[in-house]
Amino acid sequence: MNRYRTDTRPRLGLLAFLIGCACSLPAGAETLDFAQCVRTALQQNPDLMGSQQRVVQAQAGLRQAKGYGMPKLTASLNAMGTNDALNAFGIKLSQRGATFNDFGAGQFNPQNPNVLSIAPYALNNPGFVHNFDTRLQLDIPVYTGGMVSGGIRQAAAYIAAAQSGDRAARQQVIFQVLQAYDGVHAARAYLDVARQAELAARSELKMMESMEKSGTIIKSDLLLAQVRLQDVQVDESQAENAVAGALDQLRMLLGLAPDAPVDVAGPAEVRPMGEPLPELRRLAMDNNPGIQALRHKVDADTANVDVARAANKPQLGFMLRQDWNDAQLGFNANSYTIGGSLSWTAFDGGLTNGKIDQAQASRNETFARLQQAEAGIAVQVADAQRKATEAEQRLTQRELAVTQMEEAVRLVNKRYANGVATITEQLGTQAQLDKARADVVSARYDLAIQRARLKLATGQLDPDTL
């Protein structure tokens, strides 16, 4: 009996493993390594597309802010017609077409003692007059009280904040891809454990069926072995579903269709960070893109306070204008105008002061969020470092436990075959071995994730430097 189990079980295990691996690979699937998955996700992930567009919006905002400080040239064509006496006479003057007859010269009779009381008919009843005014106007802002310069500083800070936000989003996507990518490997490792457990359960059941027929064991031992096989078959089914779920999650992060054939290459290796905790915290404060984004937001809110205060300062600007007025479309009767404007709001009912207070409160709120985030990232770094160290220790212990349990199973199986151990001991020991193998899978996955969490917190999560 022992010879049968010792000689054939390894060959059966290898055969089942190879068949299982072949069946788990999607037909015609493209195999991607971790770096390829990251590149694909960074190109196609919808979240990143949104963060990149926020950078574009911020850059457009800077161009707009700079535009407020530049001269503004306007070209316009205005047409009008009227029989209003005042406007009609003004149109004739603009067209350089006014004559003495427009003042009623033909009605003037110096012999009439009441001549000055006569209303000139042509002046009061000009008829319908029309005009085309072609105009070029240049408006030059000279001093805006800091509104333009503050707006430029605010827009530049928003660009820096958006870029930091984009880096934060990119690193978060890399972390999520790592979770899904290694999740596929972890799920397949669980599946391998379940298949090994099923193979062991089938082997034990076959041995017990032979022993039950020979009267070596009782019927209840055989029934327990059958229950054990059913349990590991359920575990295997759950593991297969976990593999499919992990691949679905990876497809979603890569922006692929739900049924796109894809597979993963070797597991991602995440190297440890050997710096002491104070240095890790310094790295996080200097490089964490989320912290950087909040700092730039504080700068933007500070600039917004200056923009609000600009309304309490004088505003100075100049204007240059060239007009052409004609009864037809053309460039006759040209004229030019030069002007300047200096304004200073003396009283606005508290409107400007309210805006200043609102801007200062917004800045203070953002600064409080920054302080909270800095305190939180310090705690996050320490927690990630502790958990990464703990995961390293747990993996070492779990690997040792598997070695010990494999020897324990071998000894218990031998004792059971010799009638010294009970079926409870035999099945219990095998279950402990299955659990130990699953614990190794969990520890390996957790180690990679905790190391990645530490790199994410310190702003060092990059596929090229994992």
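Visitor: How many residues does the largest nonpolar core have?

Guide: This is a predicted model. In the largest nonpolar core, the residues with the most contacts inside it are Phe 34, Cys 37, Val 177, Leu 178, Leu 250 and Leu 461. The size of this core is 35 residues.

Visitor: Which helix gives the most to this core?

Guide: At least two residues of the core come from each of helix H2 (34-44), helix H6 (147-213), helix H7 (219-254), strand S4 (262-264) and helix H11 (423-457). With 11 residues, the helix that gives the most is H6.

Visitor: What is Leu 461 in contact with, leaving aside its neighbours within four places in sequence?

Guide: Leu 461 is among the residues with the most contacts inside the largest core. Leaving aside neighbours within four places in sequence, its contacts are Gln 171, Ile 174, Phe 175, Ala 452, Lys 455, Leu 456 and Leu 466.

Visitor: How many residues are in the second, separate core?

Guide: Met 207, Leu 222, Val 232 and Tyr 416 are included in this second core. Its size is 14 residues.

Visitor: How many nonpolar residues are in the contact of H2 with H3?

Guide: On the H2 side are Ala 41, Leu 42, Gln 43 and Gln 44, which meet Pro 46, Leu 48, Met 49 and Gln 52 of H3. No charged residues take part, and three are polar. The nonpolar residues number five.

Visitor: How are H2 and H7 placed relative to each other, roughly perpendicular or oblique?

Guide: H2 and H7 pack with their axes 7 Å apart, at an angle of about 50 degrees. H2 supplies Cys 37, Thr 40, Ala 41 and Gln 44 to the contact, and H7 supplies Leu 250, Leu 253 and Leu 254. These residues divide into five nonpolar, two polar and no charged. The angle between H2 and H7 is therefore classed as oblique.

Visitor: How many Å does H10 reach from its first C-alpha to its last?

Guide: Helix H10 (residues 351-417) has 67 residues, for which 99 Å is expected at 1.5 Å a residue. The reach in the model is close to that, at 93 Å.

Visitor: Which residue with a positive phi follows H10?

Guide: The phi in question is near 80 degrees. The residue that follows H10 with this value is Gly 419.

Visitor: Is Arg 96 buried or exposed?

Guide: Arg 96 is found in the loop between helix H4 (85-94) and helix H5 (121-124). Its phi is near 55 degrees, a positive value in a residue other than glycine. Most residues other than glycine have a negative phi. Because the relative accessible area of Arg 96 is 55%, Arg 96 is exposed.

Visitor: And Ala 333, buried or exposed?

Guide: Ala 333 is found in the loop between strand S5 (315-326) and strand S6 (334-343). Ala 333 also has a positive phi, about 50 degrees, although it is not a glycine. The cut-off for buried is under 20% relative accessible area. Ala 333 has 17%, so Ala 333 is buried.

Key: Residues numbered from 1 in each chain as written. Predicted model: local features only at pLDDT ≥ 70, side-chain atom pairs only at ≥ 80, totals over all residues. Heavy atoms only, no water. Core = buried A, V, L, I, M, F, W, Y, C linked by side-chain atoms within 4.5 Å. Buried < 20%, exposed > 50% of the residue type's maximum accessible area, 1.4 Å probe, protein only. Helix = DSSP H or I, 4+ residues; strand = E, 2+ residues; numbered from the N terminus. Contact = heavy atoms within 4.5 Å. Nonpolar A, V, L, I, M, F, W, Y, C, P; charged D, E, K, R; others polar. Axes fitted to C-alpha atoms, helices over the stretch in contact; angles between N-to-C directions. Parallel < 35°, antiparallel > 145°, perpendicular 65-115°, else oblique. Expected span 1.5 Å × (residues − 1).
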